[in-house]
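Colleague: Before we turn to backbone angles, could you walk me through how to read the overall features of a model such as this one?

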Amino acid sequence: MLAIKSQNRAIRGSGFGRVLDDLPYAATIANADNLLVYVNPAFTSLYGWHEPEILGLTPRFLVDRTFPGKDLAQIKREIAGASGSWCGNIENVSKAGRKLLIRLWTMRIRPEHTLPCLYHLGLTAPAAANVRPEEDFASRLAGSLLAERRDDGPATDHLPRSEQIENFRALGYSTKDIAQILGVAPNTINVALHRERKRAAAGRGRKM
């Protein structure tokens, strides 16, 4: 439990943790052993559990017992695979026993250089809300971490995908790291940057 509390403090003291604290969607972080080391305030609002109650548990306790075990095994295989992520609908259970059909996006992530460990990040929202929490998260993370590096203060406005990529690169993330955070194939990173450079060059040409 000491290791889990230490990981919790490290996350809460990082820019990554501050982004998740402010995120309006439920977020969980599990360590390499798949034990929960952090949940954000939006998680408590949605599920009813407070962080001290569930530190050290596996995210499996959130899943309705009727959810097929073979499907859970498939999710684990996909997260452990080349993409390192999985997205889909799954039935969860709140502390009060209420069943929740949620959209889950989960991935392996090495959030920033001050947090060298590999973590499992999970973002959830009610499936009926038809939202993509991972897009908001990626934009906030790219903006906030770069602003913090430059002492500009927090920056959580939604950033275009190309600007997110440029920010992550400025922070020293590899193409593979960026692809995992954004939940895309690595080759799309360079494609997005190439398109953005072409648009910028065309804009400069029109001004001339």
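Modeller: Burial is judged by relative accessible area, where buried means under 20%, exposed over 50% and partly exposed in between, with a 1.4 Å probe and protein chains only; in this predicted model, buried residues make up 46% of the 208 residues in the protein. Residues are numbered from 1 along each chain as its sequence is written, and side-chain values use heavy atoms, with hydrogens and water left out. Because the model is predicted, local features need pLDDT of at least 70 and side-chain atom pairs count only at pLDDT 80 or more, whereas totals for chains, interfaces and linings use all residues.

Colleague: How many helices and strands does the protein have?

Modeller: Helices (H or I, at least four residues) and strands (E, at least two) are DSSP runs, numbered from the N terminus; the protein has nine helices and five strands, which from the N terminus on run α-α-β-β-α-α-α-β-β-β-α-α-α-α.

Colleague: Which residues other than glycine have a positive phi?

Modeller: Most residues other than glycine have a negative phi. Among those with a positive value here are N34, with phi near 65°, and N130, with phi near 55°.

Colleague: Where is each found, in which loop, and is each buried or exposed?

Modeller: N34 is found in the loop between β1 (26-30) and β2 (36-39) and is partly exposed, with a relative accessible area of 27%. N130, by contrast, is found in the loop between β5 (119-126) and α6 (133-149) and is exposed, at a relative accessible area of 72%.
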